[in-house]
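Here is a short briefing on one protein model. Look through the structure first, then read the points below.

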Amino acid sequence: MGIATLQPHQRILNLMWQELFTTSIYSPGSPILLPNGARIFNRLVEFLRQQYARYGFDEVITPTIYKKALWKKSGHLENYSDDMFTVTSTSPSRSDLTEGGEEDEYGLKPMNCPGHCLIFASQRHSYRDLPIRYADFSPLHRNEISGALSGLTRVRRFHQDDGHIFCRPSQIEEEIRKTLDFVRVVYSTFKLGPYRLTLSTRPADHYIGTEEEWESAEGALKRALNASGQEWTINEGDGAFYGPKIDIILRDSDGKEHQTATIQLDFQLPKRFELGYVAPAPEYERRGETTTDPDALNETGLVTPVLIHRAVLGSVERLMALLIEHYNGNWPFWLNPRQIMIVTVNDSRPVMDHAKRVQDILMGRQGSPDKPLSQATNFAVDIDDRQVPVGLKAHQAKLKGYSVILTAGPRQLSSGTITCDLSRLESDGEVSKQERVDLLPVPSDPPPAYVAAAKEHGLPIRQAQQPPQGRRPPPFAALELPILKYMRTHRVILASASPRRRGLLAQLGLPNIEVIPSTKPENFPKDQMGAFEYVSATAQQKALDVYQMAIKQVEQATEAAENGEAGEATAQNGDAALPGLKDPDLVIAADTVIVTRDGAILEKPPSEQAHKRMLRHLRDTRTHRVLTAICCVAPKLDASFPGYAISTHIEETKVTFAKANDGLPDDVIDAYVKTREGVDKAGGYAVQGIGGMVLVEKVEGSVDNVVGLPVRQCLQLCEKVVFKQDEESEGEDDD
């Protein structure tokens with residue numbers, strides 16, 4: 001049920017339950033953020049700060065009060081004084097005096113632009129320095145009418161993700177385009193929308209500047225809006241007193257519209273503050289034009305910059321209000337002020353110590369108390385140790401909106417694990433909601449269809465074991481490794497249709513990798529080849545087959561283009577088109593087999609009964625080896641020696657299947673076979689997908705090898721064939 005469908009008393013209860021903010025008669029219009037509200041506020045601000053690295057903003061901190069002389073200079077005192085607060089001293093002896101001996105007055109700042117103009121004016125600037133982008137989160141105060149005050153949406157004290165761009169006239173449209181892109185990225189992250197764009201033009205009165213300047217500014221905004229490709233409308237006469245603006249209008253769950261983000265173009269404020277930068281050919285520079293005339297270029301002079309005001313979130317408090325209604329307490333994990341709740345089965349000292357230890361690990365505060373924290377996670381982790389039934393604790397935690405619920409009790413204490421309910425975690429796609437698993441789970445990364453099939457046939461999802469202490473896979477997606485940068489900007493092909501392998505590469509920051517499965521049959525004699533030799537040969541065959549297929553695609557597309565035929569070669573990656581007529585820069589292939597205790601390679605079962613017999617044999621003999629071969633192929637860097645570099649690695653992992661009397665009786669195997677998974681292949685399917693969730697009890701070694709692609713070794717091979725072709729001879733295994 002969305003919050004728009006709740007009755008007023010239900011909305012109040014919902015907000016009270018979330019404990020986000022309160023108000024006070026002693027400061028009307030100034031919401032007081034409680035710890036939960038402050039967490040959301042800080043995460044919104046931190047999210048914007050991270051985006052500033054992409055869009056080139058430098059954060060500054062400016063005063064809250066300025067003398068009224070500043071507001072007179074900026075034009076705010078004349079055009080905005082009704083909305084400003086005046087600050088005076090109650091002690092005449094401490095008051096500042098004007099030159100005429102009168103007491104000087106101060107004003108609480110309603111906006112940051114005059115302060116940012118002071119920063120720009122404090123230094124000398126060249127045209128090469130522009131654009132200069134300042135960002136500011138300091139609080140603002142506006143004297144709203146008391147009857148208009150409302151919660152978080154209409155306030156007197158608020159924070160704005162305020163930004164000001166000082167740019168050259170020729171840079172206006174590009175900067176506005178980037179800002180519109182900034183807005184799109186942020187609002188799509190929050191899944192807010194749709195929103196509409198409006199161009200607010202010159203007010204009928206209370207404006208500064210000439211009509212010609214306004215027409216020029218409005219024309220620049222219109223061109224930027226047209227270039228954005230988005231629909232927009234005109235809001236006549238609603239511009240700021242100093243310039244026209246683009247407003248982003250967002251509709252809430254009640255259908256009410258709110259102006260959130262804004263982009264304003266200002267030619268006036270830089271003139272009032274006499275701002276300037278040094279540029280050659282100043283007359284051309286002022287018009288946003290370039291010239292090659294040497295006489296004009298020999299002349300330098302001061303040019304007034306153009307000021308772009310921008311706020312992406314708008315008021316952070318107002319956006320919080322929209323998000324409160326939008327999410328209705330079901331916050332995404334990263335934004336949730338109540339992320340993790342640990343519920344204890346009893347209040348015995350060992351269980352309490354275990355819960356506290358888990359809390360410390362999740363919050364990153366383990367280690368010596370004599371040293372400062374260096375790896376704090378900023379997760380919000382609470383413990384419910386009340387002497388009430390654990391089921392009631394978990395139920396109440398869900399009502400309060402916790403994303404993850406952990407259970408600590410004697411069973412978890414004995415195994416060194418923590419039981420985790422992930423059912424409330426949100427995902428961009430279809431969610432595979434595993435009701436309860438033991439941390440840390442084997443990251444088998446099954447597609448949602450696997451879990452659906454398992455539930456359809458009544459299959460239990462096994463609780464996975466905790467990995468060895470100190471063995472934690474590195475967050476490759478967060479690293480800017482040279483090979484990952486290369487793979488994101490070149491044509492890389494995965495010679496496998498496996499969704500698990502593709503999912504692992506997506507975690508490396510390669511979500512749209514091109515996929516071309518090999519069509520060549522694997523006719524190698526298993527009985528004559530050893531397991532290592534066989535899996536290496538199949539991976540190499542896949543890599544070379546797809547490498548040649550991709551080259552042939554390019555040749556066919558080139559030939560078609562030369563013959564004037566329509567169409568372009570496409571890769572077998574959904575509907576994705578081949579990225580230009582370009583040979584592959586890197587091909588990655590992998591093959592996985594299970595080797596039984598007697599050294600035999602698992603064969604494709606010819607029938608359903610044979611399939612059941614094979615799985616029962618694996619269960620009854622319990623421990624087996626999983627071999628995954630990776631093969632990477634890349635063209636030779638030296639064009640004088642055409643050909644390719646190829647390298648292979650084989651990773652071995654030991655897996656233990658569950659016992660018949662420990663969750664894997666014959667009827668579970670029969671139900672698994674009915675899912676039809678792996679009916680048409682052998683390979684490693686029995687330890688992947690549903691197999692890994694249902695059949696496997698323990699993994700010793702590389703977990704991602706069992707999933708189907710040893711990540712670390714894969715990156716090392718890619719690095720070798722791309723960057724280190726001359727260091728070793730190619731074509732040999734790297735075992």
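P131 sits in the loop between α5 (113-121) and β7 (132-136). Helices (H or I, at least four residues) and strands (E, at least two) are DSSP runs, numbered from the N terminus. This is a predicted model: local features need pLDDT of at least 70, side-chain atom pairs count only at pLDDT 80 or more, and totals for chains, interfaces and linings use all residues. Residues are numbered from 1 along each chain as its sequence is written, and side-chain values use heavy atoms, with hydrogens and water left out.

**Backbone details**

- The peptide bond from L130 to P131 is cis. Its omega is near 5 degrees.
- E19 is not a glycine, yet its phi is positive, near 55 degrees. E19 belongs to the loop between α1 (8-18) and β1 (21-22).
- N328 is also not a glycine and has a positive phi of about 55 degrees. The loop that holds N328 runs between α11 (316-327) and β17 (340-344).

**Buried or exposed?**

- Buried means under 20% relative accessible area, exposed means over 50%, and partly exposed lies in between (1.4 Å probe, protein chains only).
- E19 has 44% relative accessibility, so E19 counts as partly exposed.
- N328 has 15% relative accessibility, so N328 counts as buried.

**A helix pair: α6 and α7**

- Two packed helices are described by the angle between their axes and the distance between the axes.
- Helix α6 covers residues 172-189, and helix α7 covers residues 211-228. They pack at an angle of about 50 degrees, with axes 9 Å apart.
- Axes are lines fitted to C-alpha atoms, for helices over the stretch in contact; angles run from 0 to 180 degrees between N-to-C directions.
- α6 and α7 are therefore oblique to each other. Angles under 35 degrees count as roughly parallel, over 145 as roughly antiparallel, 65 to 115 as roughly perpendicular, and the rest as oblique.
- On the α6 side, I172, E173, I176 and L180 make the contact. They meet A220, L221, R223, A224, L225 and S228 in α7. Contact means heavy atoms within 4.5 Å.
- By class, this contact of α6 with α7 has 7 nonpolar, 1 polar and 2 charged residues. Ala, Val, Leu, Ile, Met, Phe, Trp, Tyr, Cys and Pro count as nonpolar, Asp, Glu, Lys and Arg as charged, and the others, Gly among them, as polar.

**The whole protein**

- The secondary structure comes to 23 helices and 27 strands.
- The protein has 735 residues, and 48% of them count as buried.
- Among contacts between residues at least 6 apart in sequence, 71% join residues at least 24 apart.
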